[in-house]
Protein chains: 2
Amino acid sequence: MPDPATTADTLDTLDTPAAIVDTARMQRNIDRMQARMNALGVAFRPHAKTSKSPAVVRAQIAAGARGVTVSTLKEAARFHAEGIDDILYAVGMVPGKLPQALALRRQGCDLKIITDSVASAQAIVAFGAEHGERFEVWIEIDSDGHRSGIRPDEPALIEVGRVLHDGGARLGGVMTHAGSSYDLDTPEALAAMAEQERAACVEAAEALRAAGLPCPVVSVGSTPTALSAARLDGVTEVRAGVYVFFDLVMRNVGVCTEDELALSVLTTVIGHQAEKGWAIVDAGWMAMSRDRGTQKQKQDFGYGQVCDLDGRVLPGYVLSGANQEHGILSREGSHDEAIAERFPVGTRLRILPNHACATGAQFPEYHALNADGTLATWSRFHGW
Amino acid sequence: MPDPATTADTLDTLDTPAAIVDTARMQRNIDRMQARMNALGVAFRPHAKTSKSPAVVRAQIAAGARGVTVSTLKEAARFHAEGIDDILYAVGMVPGKLPQALALRRQGCDLKIITDSVASAQAIVAFGAEHGERFEVWIEIDSDGHRSGIRPDEPALIEVGRVLHDGGARLGGVMTHAGSSYDLDTPEALAAMAEQERAACVEAAEALRAAGLPCPVVSVGSTPTALSAARLDGVTEVRAGVYVFFDLVMRNVGVCTEDELALSVLTTVIGHQAEKGWAIVDAGWMAMSRDRGTQKQKQDFGYGQVCDLDGRVLPGYVLSGANQEHGILSREGSHDEAIAERFPVGTRLRILPNHACATGAQFPEYHALNADGTLATWSRFHGW
C-alpha cells in the first residue's frame with residue numbers, strides 16, 4: 001500500500017490536542033532495533049500494540065521484521081487485513097475467544113496463540129478437535145515473576161506441552177516477556193535481566209525437547225531487554241513494542257535519550273494562573289492518558305515533558321497536573337513568574353509522554369510529521 | 001430518536017473486555033440529581049464528557065436537563081447533530097478554535113464559550129467583529145484555586161467583562177467548577193466547598209452587575225458539590241458529569257455507594273499464578289484506564305473493585321495491578337490460596353472503575369444492560 005498523502009495542515013494549523021509522530025525519529029528507532037536483531041542473529045517480531053497503526057507496522061516490516069505480535073484479536077484481524085499473515089496473539093487464550101481465533105485461521109491468517117495452563121490447553125485441543133483445526137500454540141514462560149507464565153522448572157510445563165502435542169495441536173514453541181525490566185535503570189541490571197529472560201526461555205525449550213516434545217520457536221522480549229542483551233544463544237526471535245516511539249519511561253530506564261522520542265502531543269496554551277507559575281494547556285489526561293509511569297523513576301516528568309513546536313525540550317517545564325481536557329504546565333522547583341509572557345495564550349507546544357502505548361491509545365489517528373514539515377494522517381484503531 | 005434495539009449478546013457471550021452500563025442504576029442516578037436540582041430551584045446542564053454517548057445524554061434531557069456542557073468542540077458538534085442546541089463549551093476558548101465555534105453557531109447551535117483572560121476576550125471580540133458574529137461568552141471564575149478562572153475579587157474580572165460587552169459579544173454570565181471537591185470526603189467539608197463555589201460565583205456575578213455589566217447566568221458545579229449544596233441562592237444553573245455513572249472515587253468522596261455505580265468492565269479470567277494468589281484477567285489498563293484516583297483516598301481499590309457477573313461486590317477482591325491487556329486480580333491483605341478454584345479460567349467478572357470518565361473513554365461503545373438481562377449497544381465517540 002502506498003504511504004498516505006500529506007494533508008494541508010501543518011503544526012501551526014492542526015486542531016489541538018493531536019498526536020504527532022516524528023517520522024525520521026521513528027525510522028531511526030526501527031532501524032536501530034532491526035540492525036541489533038540482525039547482528040544478534042535472531043528474527044524480530046514487533047509488538048503492534050504500541051502503535052495499532054498500519055503505517056507504522058508497514059515501516060517495521062519493510063525494515064526486516066518477520067510477522068507481528070498483537071495484544072488483542074482485533075489487532076490480529078486488522079493487521080491480517082493489511083496483508084500480514086504471521087501473527088502471534090500474546091495474551092493467554094481462553095475458551096470464549098477460540099471462535100474468533102478459528103475464524104482468523106480460516107481466513108488464512110497464520111495465527112499463533114499462547115497458553116500457560118492445563119485447563120486452557122485442554123480447551124484449545126478440545127475446540128480444535130471439534131472444528132478440525134490444528135491450532136499453533138506456544139507456551140508462555142514466566143521468566144521474572146511479574147505476570148503470567150509457567151516457570152521453566154515447573155512440572156506443569158511438560159504437562160501443558162503433552163496436552164497440546166498429544167491432543168493434536170501444533171506445539172510451536174515457548175515465549176516469555178520480562179516485563180519487570182521496566183523497573184530497572186542501569187545497564188548492568190538490564191543486561192542481567194536480558195540474560196535471565198533468555199536463560200529461562202531456553203531452559204523451558206530444552207525441558208520440552210528433553211521430554212520428546214517439539215519446540216522450534218524460542219521467543220523473548222521487551223524493549224529494555226531487547227536493547228540490553230549481550231547474547232541470545234538458543235533464542236530464535238525477539239519481540240518489542242514501545243521502542244518504535246520510545247517514551248519518558250524508557251528514557252528513565254536508560255535505553256533511549258529524549259531526542260529519540262518519536263511521539264508527542266501537540267497542544268495550545270489556553271490560559272494562565274500567573275501567580276502560581278501555571279500555564280493551562282488543552283492537553284489534559286484525555287490526551288496524555290493517566291499514565292504516571294515516571295512517578296517512581298529517577299526523574300518524574302509529571303504528565304509529560306514540555307517541548308517547543310520544533311520538538312526541542314524546554315528543560316524543567318513539565319505538565320505537573322492534568323484534568324480531563326486541561327493540563328497544568330509549570331516549571332519544576334521554582335515558579336516561573338513570567339510564564340504568561342513566555343507562553344502567551346495561543347502558543348503551541350509539544351509534550352513528550354510518559355508511556356507511548358497509553359498516550360497513542362487516546363487518539364483516533366496520528367499525524368506523521370515529515371522532515372519538510374508536511375503532515376500525513378496515519379490511522380490507528382481503538383477498542384477490542 | 002428511538003432507543004437502540006437490543007442485540008443477541010448477553011453478559012455470558014459478549015466479547016471481553018467490554019464496558020457495561022447498568023441502565024436501572026443510571027436512570028436512578030439521573031433522577032436523583034434532577035430531583036435535587038428541581039428542589040433547589042435551578043436548571044441542570046449535565047456534562048456530556050463523562051459518557052460522550054447520545055443515548056446517555058438523551059436520558060438526561062428526558063429527565064429534565066436543559067442543554068449540555070461539553071469539554072471538546074467535537075462533543076459540541078456531535079450533540080448538536082443529535083438535536084441539542086443549548087451547549088456550553090466549558091474549556092477556555094483560544095483563537096485557533098474560534099473558526100470551529102463559528103461554524104457551529106452558523107449551523108444553528110446556540111454554543112456558549114468561556115474565557116478567563118483579557119487576551120482571549122480580545123481575540124473573541126476581534127474574530128466576532130471580523131465575521132459579524134455575536135458570540136455568547138461566559139467568564140470562568142476561580143472558586144477554589146484548583147485550575148483555571150479569575151477570582152471574583154480580581155480587577156481582571158471587570159476588565160474581561162468590559163472587553164466582551166463593549167466589544168459586541170454577548171456577556172452571558174459566569175461559571176465555575178470547584179474541582180477540588182474531589183479531594184474531600186466528609187459531608188461537612190463538601191457542604192462547605194459547595195457554599196464556597198456558590199458564593200464565589202455569585203460574588204463575581206454581583207461584581208459584574210455592580211459595574212453595569214450584564215450577567216444573567218450564574219453556573220456552578222461538580223458532582224460532589226451538586227450533591228452537597230444546602231442552598232443555591234443566586235445560582236441559575238448547575239453542571240455535573242460523573243454522577244450519571246458514579247465511580248469508586250465518588251464512593252470514597254462519599255456522594256454515592258458502591259451499589260449505585262452504573263459503569264463496570266466485563267472481563268474474563270485468562271490464567272492464574274496460584275502461589276501468589278493472583279488470577280489474571282483480560283481487563284488491563286487499556287480497559288480500566290491508567291486512572292489510580294483512589295490511590296490517595298481513604299480506600300485504595302487498585303485498578304478497580306471486583307464484582308461477580310451479576311454486579312455484586314466481592315469484598316476484598318481488587319485489580320491490584322495492570323499491564324496493557326492483563327489485569328492482576330487478588331485479595332487485599334492476604335493471599336487467596338484457592339484463587340484458581342474460586343475463579344477458574346473462563347470465569348466472567350465485572351470490575352467497578354476508579355474513574356468513569358477515564359474508563360469509558362477506553363471503549364468504542366457501551367453495552368447497556370437492561371433489567372431483563374438483554375443488552376443494547378450505545379455508541380460513544382473518541383478523540384477531538
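Modeller: Gladly, and please keep in mind that this is a predicted model. Helix α5 of chain A, residues 118-131, has 14 residues and reaches 20 Å from its first C-alpha to its last.

Colleague: What span is expected for α5(A) at 1.5 Å a residue?

Modeller: The expected span is 1.5 Å times one less than the number of residues, and for α5(A) this comes to 20 Å, to which the span in the model is close. After the helix comes Gly132(A), whose phi is positive, near 65°.

Colleague: Which residues of α5(A) are called buried, and what do they pack against?

Modeller: The word buried requires under 20% relative accessible area, and in α5(A) it applies to Ser120(A), Ala121(A), Ala123(A), Ile124(A), Val125(A), Phe127(A) and Gly128(A). Packing here rests on heavy atoms within 4.5 Å, and the partners of these buried residues are α4, β5, β6 and α6 of chain A, together with β10 of chain B.

Colleague: Why is strand β15 of chain A described as largely enclosed?

Modeller: Five of the five residues of β15(A), residues 348-352, are buried, so the strand is largely enclosed by the rest of the structure. In a regular strand the side chains alternate between the two faces of the sheet. Both faces of β15(A) are covered, with Arg348(A), Arg350(A) and Leu352(A) buried on one side and Leu349(A) and Ile351(A) buried on the other.

Colleague: What makes β10 and β12 of chain A partners of β15(A)?

Modeller: Two strands pair if at least two bridges are found between them; β10(A) is joined to β15(A) by four, running antiparallel, and β12(A) by three, also antiparallel. Leu266(A) stands opposite Arg350(A), while Gln305(A) has Leu352(A) as its bridge partner.

Colleague: Turning to chain B, which strands are the edges of its open sheet?

Modeller: The eight strands follow the order β2-β9-β8-β7-β6-β5-β4-β3 with parallel pairing, and β2 and β3 of chain B are the edge strands, each pairing on one side only. Within this sheet, six bridges join β6(B) to β7(B), and Trp138(B) has Gly173(B) as its bridge partner in β7(B).

Colleague: Which strands does helix α3 of chain B touch as it packs on the sheet?

Modeller: Helix α3(B) touches β3, β4 and β5 of chain B, and its direction makes about 175° with that of β4(B). Helix α7(B) also packs on the sheet, touching β6, β7 and β8 of chain B, at about 160° to the direction of β8(B).

Technical notes
Residues are numbered from 1 along each chain as its sequence is written. Chains are lettered from A and ligands numbered from 1 in the order in which they are written. This is a predicted model: local features need pLDDT of at least 70, side-chain atom pairs count only at pLDDT 80 or more; totals for chains, interfaces and linings use all residues. Side-chain values use heavy atoms; hydrogens and water are left out. Helices (H or I, at least four residues) and strands (E, at least two) are DSSP runs, numbered from the N terminus. Axes are lines fitted to C-alpha atoms, for helices over the stretch in contact, and angles run from 0 to 180 degrees between N-to-C directions. Buried means under 20% relative accessible area, exposed over 50%, partly exposed in between (1.4 Å probe, protein chains only).
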